Amino acid sequence: MEFTLITLLNGLSYGLLLFLLSAGLTLIFSMMGVLNFAHASFYMLGAYLAYAISSHTGYWTALFMAPALTGILGAAIERFGLRAVRRHGHLAELLFTFGLSYLLVEFVQLAWGRAAVPYQVPAVLDRPLFSLYGTTFPAYRGFMMLVAALMLLSIYLLLKKTRIGLVIQAALTHPHMVESLGHDVPRVTMLVFGGGCALAGLAGVIGGNAFVTEPAMAAAVGSIIFVVVVVGGLGSLAGAFIASLLIGLLQTFAVALDFSLAGLLQALGVEAPQALTRLRLFKLTVAEVAPILPYLLLVIVMLLRPRGLLGVRES
Amino acid sequence: MTRISSRSAGNVLVWGGYAFALLVAPLLFSQGAGLSILSQMGTAMVFALSYNMLLGQGGMLSFGHAVYSGLGAYTAIHALNLAADGSLPLPVALVPLAGGVGGVAFGLVFAYISTRKSGTGFAMITLGMVELVFASALMFPGFFGGEGGISGNRVIGAPFFGISFGPQIEVYYLIAAWLFCCSAAMYGFTRTPLGRILNAVRDNPQRAEFIGYDPRHVRFLTLVLSAFFAGVSGGLAALNFEIVGAENIGVARSAGVLLFCFIGGIGHFFGPLLGAVAGVFLTVVLSTYTGAWQFYLGAVFILMVMCAPGGLAGIASRLLELLQAVCREGFAASAGLLGLWAALAAAALAILAGTVMLIEMLYRRSLAAADGSTVNLFGVLLDAARPAWWIFGTILLAAGAVAFMRLLPGFRRHCDALGLGSGGGA
């Protein structure tokens, strides 16, 4: 019970961080049809900016400043880079962001070096929130969950309940009609791209000190968030939410489990043939296969339900 | 008749020139690391050509092509080790074939899964599969050799006609021979009915389906064939380095071949060859001179996506057209165009010089500060500690950029007037 509850909480907080990351990606994809390959790089940039700002003015300024700066940079990149390649089609846009991820990681190394930087959790939050059967749950994890929940709520309200949200949604399906009604669609696109990047930056501020702020941090989450977005269904925010939690829980539970096929058969009292028990696959524990589980999930979901869990259209 | 014979004469010229270039290349670059780099380029060329069967001819964006070349490399090194034990009668020259067979074996499984989708879905599945295989490498140390990888020794058995494959030059010619045969086979593939239908599937899957071809089946066959050639390139790499590690099957290698192909030009059959040369140059040669090579690779790639989607091959064919136009119009009539072209080239050179200066000085200040503040750039000593150099670099970059932007519209107009499409390479 103790193990289940603690792992559940850890899985939830990791899943919510994944959602913070994939929300921006989903937003950009559903708006522009571009899978932004540099999204994880903006996450990394957010963490480094937060480190730089918080060492001067404190954590709470960084919490707002770093996402804002990341968002402005993202908007500028959309305006002066992406927009120029749009006429060559989606492949060119995807490749542009792919090249951008190379440049951003190099830029971060030029500015802050190749080693990890000491980006710390603020002192106020650096304490246990509560303790459960003797195991303490850190306050910062609770803060992470709170920020993710607030963000989910505000995106939902923004998209569904405001005029801006209406225009954004309409510009996705009927760009020409929206343009005829007098809205500046390219500017909406720029703002959405900037907004998505700002969300990635926010995830960086939150995740950078929960994990480690280093140049490899983009590569560490880069493919996982694609798995989240694709499994959830391309362009579906609710799908991304469910997939984030699913993958967060899946990975957190898997690393703590020590079962293997051999152990399972033993527990059932079945005598397995010698040839089988000598196979490596047979002895692998769930914890050992944990790193590949999200990708396995991706392949299975793609085979069974190509649209993803809540996707509305074929990719 | 004359038309056909002149075309086949052109073919003989192109392929003969290609073979000749492969033969004489080691004579020109025989010093130091030259041979090793040429061997790596040859391997990368086979890999890039096989990748372009998917991307250029089939419109399939794959992020996992290294899976086939990497698993092919593992198959090849195991085959080599078995041959060394005497338990597999396989001459060293045919080890790449074992790599190809390995590529096909894994290709059959992975293609069955991934080709169910096209477009973004296909790209995402390939991304998932490359991560899957890469993570498995540490789980199954028996086949993958764990962290250290699997090593082998290519000098086995008695020398055949004096060839033992010990010296690098013999390995180079083996790679060159395989490269030539694979290039010919892959070029032949573009001329087969399957290759043509693949183009149709890329351009309009609905219509291809309507005339009776199953797009999924076409993609499946192509991916398996492409996996064969990728496996051959993996086998060549295994022979060249005599060691195969997990980095051979990783995302980075898969991403690299995409960069190479795009820089070379995916619309032309020979584009990936140029891309492999440029890519190996950027990653292997440049990385020995500057730590910022990854920046240059990314920057060249972005520049290509933005300004020259046709890649190096596109630029080359534009230059050829320009040359033809100059010959047609006469030298005097096209002096204006040539002048514009020279001015554009000068502006581009200024942008390049300014960027390289700034990047190298920035790099020296942040990551290599321990080596002192001076940078030797083509014989010019730059001092990263002195603001004058920074100002100079910035001015060079800015002036070049402004001039380039100013000149480009005029150049485009000129090209349009001559019926050259929109601009030389831009």
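Reader: Buried means under 20% relative accessible area, exposed over 50% and partly exposed in between, with a 1.4 Å probe and protein chains only. Is B:Cys261 buried or exposed?

Author: B:Cys261 is buried, at 0% relative accessibility. This is a predicted model, where local features need pLDDT of at least 70, side-chain atom pairs count only at pLDDT 80 or more, and totals for chains, interfaces and linings use all residues. Residues are numbered from 1 along each chain as its sequence is written, chains are lettered from A and ligands numbered from 1 in the order in which they are written, and side-chain values use heavy atoms, leaving out hydrogens and water.

Reader: Switching to chain A, which residues does A:Ser236 touch?

Author: A:Thr26 and A:Leu310, not counting residues up to four places away in sequence; contact means heavy atoms within 4.5 Å. A:Ser236 is buried too, with a relative accessible area of 13%.

Reader: What lies 2.9 Å from a polar atom of its side chain?

Author: That would be the backbone nitrogen of A:Gly239.

Reader: Last one: how much of chain B is buried?

Author: Buried residues make up 48% of its 426 residues.

Methods: Polar contact = N/O pair within 3.5 Å; in protein donor to acceptor, adjacent residues only side chain to side chain.
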